[in-house]
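Please look over the structure shown here before reading on.

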Amino acid sequence: MDAFLLQVLNGLDKGGAYALIALGLTLVFGTLGVVNFAHGALFMLGSFCAVTLQSLLTLERVVLDPERLTAWGTPMEIRTPYIVDWFGDFGMTLIDWSVPLAILIAIPIMLLLGVIMERGLIRHFYKRLHADQILVTFGLAIVLQEIVKSQFGANPIPQPAPAMFAGSADIGLMLGFAENAVVYPWWRIIYLMFSGVVIASVFAFLQFTTFGMVVRAGMADRETVGLLGIDIDRRFTIVFGLAAVVAGLAGVMYTPILSPDYHMGMDFLVLSFVVVVVGGMGSLGGAVAAGFLLGILQSFASMNEVNSLIPGIDQVVIYLIAVVVLLIRPRGLFGREGVMEN
Amino acid sequence: MIKFNVKNKDHILLIGFIIVVALAPVIFAPIGAGYPDLLQKFAIFGIFAIGFNILFGLTGYLSFGHAAFLGVGSYTAVWTFKLLTMNVIPALILSTLFAGLFALVIGFIVLRRSGIYFSILTLAFAQMSYNLAYSVLTPITNGETGLQLALHDARVLDGVFGVTRGEGLPSTTLFGMAMSGWSGYYFCGVVLIIMFYISLRIFRSPFGMMLRAVKSNQNRMSYTGLNTRPYTLAAFVISGMYAGLAGGLMAITDPLAGAERMQWTASGEVVLMTILGGTGTLLGPVIGAGVIKYFENIFSSFNEGILMDAFSFLPEMLQHAVVSITGLFVGEGWHLTLGALFMVIVIFLPGGLMEGIARIGNVTRRWLKPKPVATTEADAAASE
């Protein structure tokens, strides 16, 4: 039972990332009817927002201290980040909290990027074939990731979580299992809660605001909403920006779990597409549910017991499920009728 | 006088193609590509792209997983070298067959869906194969190191036919002729010509027409009571076999197979080659493959020093700025160029280079032969 719980928890945080990316993909697809292969790149760009903030905060002033010597007898270099110079202990706290703080800069950056992307490129592809949409966003994904590679290098850049959340929580003890049976890193709990909050707020935004109502109406029948004199294109642009923000936030918060590198976007994108397909194209709830479901199944498949039974299952389980779902229920688990039936 | 109908046009095209392949060392020498290694790549990726075009160009099914078949072909070829013989013919046959079988299994599943579902499913399958090649299938694929020849390989058939074992690693042969340098290129060239001819025949056949009909309106085909899946599956398998053959040729020119050949970037590359040259055209994919491999070769070899020399005519400030910007696109940054090219082609020239050539041709023709002045609008419309 405790092992079971542990695997569920392990799957949830990855599932959270899948769900967030898949949510954005579905949102863009549902509103604009565009298949965005560059969505994974947005996830990656979000995580590099965190990297950028971290490196900005830790810009250092180097002073040679003649009093203290290194092992080689040269004066020791004393490195102090400027921000500590300016703010003292508060500066240290800022550096420590750089990942959560990056959310603040990621939101405007990703929103801007999303809007630019939609207005500058995607807009011209509404009327083109799906194949063309796939190809152009695929090209964009390559361009974005190569730019990041040239700026940040090819190696993963570790991002520490705030010291407060560095350790692990003994969840098993809280739930009445034996000590150390279910140990789970704090940051992953935070990530799980964070993704829950983001998903809930996206749904609330669509469900309870006038803006969201118009967007939902536009998803159902774009033309009629346009005929009613509503500038639906502008709203959809903002929705694209919103999807970019969601992907970016997922990336920012994921950095302490997986050190970001330039190709993480594509790795996650392929899986997120599978998630969308399993959940059902055009179904927001389906995307979220399938995201968590596949995350959990993947974590079960990577258990030693399962892996020794069917070698390699951890690598392919998600794809296998996608294949089975598409063959048995081509519309996906929660797919709406008539959405991308062909 | 020769009648200029489709059939004769095809003959002229084929003869021209053969001449270009045969004289490639001379033709491509002025642009610095007249050496066997690069020409081999042109031919191999040309085959890969021709095969991809049979699927994407004719049926419109956009596969993002074709590199998996290339990888299967490569692995099969290297295993044939290890187990059977260093002769290239069995390797080619087996790699084509295995890739075809693999394509049959995968195509049977993924062709249940079309459009973006198909793209995503093929991508998923390719990623799955790539992941498996890296992890569980290591006994077959030798994981990250890649599958290589070894001194103590069995090579059963070579033993039977009394081929003497030399010192060191053997090289691939065609009945005793070593497949390296120019003979290697001409072997690939001959295969390319044959494959081009097959694709020409497919394009002109009723089967090809059927595939085109699938592309233009699959629903209507189904409504007329026709089951389109056997046709699309056949196209999928054929293009998979082309990819397997290309993979086999890769292993012949360099007997080493690695999983990175199956990665999604490799699948993306063949898509790019095809659309760059012109989707659904006969020559386009070969031209696209050549252009991409040529520029890859040139761009990757550039470095800061060469760029500095190239822009030395500029004032120093400007030189540094220009070099640092162009430096992004060359050497390691070749993929950036590739991605940017991808976007530019899709945005501005969806028909690829072939469409570009056709457009230029139209413009010049109109320019050379001024139209008679149209008297009425109806006349103008009639002369269009």
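**Questions about a two-chain model**

Visitor: What share of the contacts in chain B with a separation of 6 or more is made by residues 24 or more positions apart?
Guide: Keep in mind that this is a predicted model. Among the contacts in chain B with a separation of 6 or more, residues 24 or more positions apart account for 77%.

Visitor: How does the radius of gyration of chain B agree with that of a compact globule?
Guide: Chain B holds 18 helices and 4 strands, and its C-alpha trace spans about 85 × 70 × 50 Å along the principal axes. Because chain B has 384 residues, a compact globule would have a radius of gyration near 21 Å. The value for chain B agrees with this, at 23 Å.

Visitor: Are helix α9(B) and helix α11(B) roughly parallel or roughly perpendicular?
Guide: Two packed helices are described by the angle between their axes and the distance between the axes. The axes of α9 (residues 206-216) and α11 (residues 229-253) of chain B come within 10 Å and cross at roughly 110°. Since angles of 65 to 115 degrees count in that class, α9(B) is, relative to α11(B), roughly perpendicular.

Visitor: Which residues of α11(B) make the contact with α9(B)?
Guide: The residues of this contact divide into 5 nonpolar, 1 polar and no charged. From α9(B) come Met210(B), Leu211(B) and Val214(B), while α11(B) gives Tyr231(B), Thr232(B) and Ala235(B).

Visitor: Which helix of chain B gives the most to the side that touches chain A?
Guide: In the contact between the chains, 37 residues of chain B meet 32 residues of chain A, and those on the side of chain B divide into 24 nonpolar, 11 polar and 2 charged. At least two residues each are supplied by α5 (115-134), α12 (264-277) and α16 (334-348) of chain B. The helix that gives the most, with 13 residues, is α5(B).

Visitor: Which residue of chain B is in contact with Ala322(A)?
Guide: Ala322(A) is among the residues with the most contacts inside the largest nonpolar core, which has 206 residues. Leaving aside neighbours within four places in sequence, Ala322(A) is in contact with Val274(A), Val277(A) and Val278(A), and also, from chain B, with Ala124(B).

Visitor: Is Thr209(A) buried or exposed?
Guide: Thr209(A) lies in the loop between α8 (186-208) and α9 (210-220) of chain A. A residue with 12 or fewer C-beta neighbours within 10 Å is put in the class asked about here. Because Thr209(A) has 11 C-beta neighbours inside 10 Å, this residue counts as exposed.

How values were computed
Residues are numbered from 1 along each chain as its sequence is written. Chains are lettered from A and ligands numbered from 1 in the order in which they are written. This is a predicted model: local features need pLDDT of at least 70, side-chain atom pairs count only at pLDDT 80 or more; totals for chains, interfaces and linings use all residues. The radius of gyration is taken over C-alpha atoms; the globule rule is 2.2 Å times the number of residues to the power 0.38. Two residues are in contact if their C-beta atoms, placed from the backbone, lie within 7 Å. Axes are lines fitted to C-alpha atoms, for helices over the stretch in contact, and angles run from 0 to 180 degrees between N-to-C directions. Angles under 35 degrees count as roughly parallel, over 145 as roughly antiparallel, 65 to 115 as roughly perpendicular and the rest as oblique. Ala, Val, Leu, Ile, Met, Phe, Trp, Tyr, Cys and Pro count as nonpolar, Asp, Glu, Lys and Arg as charged, and the others, Gly among them, as polar. A nonpolar core is a set of buried Ala, Val, Leu, Ile, Met, Phe, Trp, Tyr and Cys residues joined through C-beta atoms within 7 Å. A residue is buried if 20 or more other C-beta atoms lie within 10 Å of its own, exposed if 12 or fewer, and partly exposed in between; C-beta atoms are placed from the backbone.
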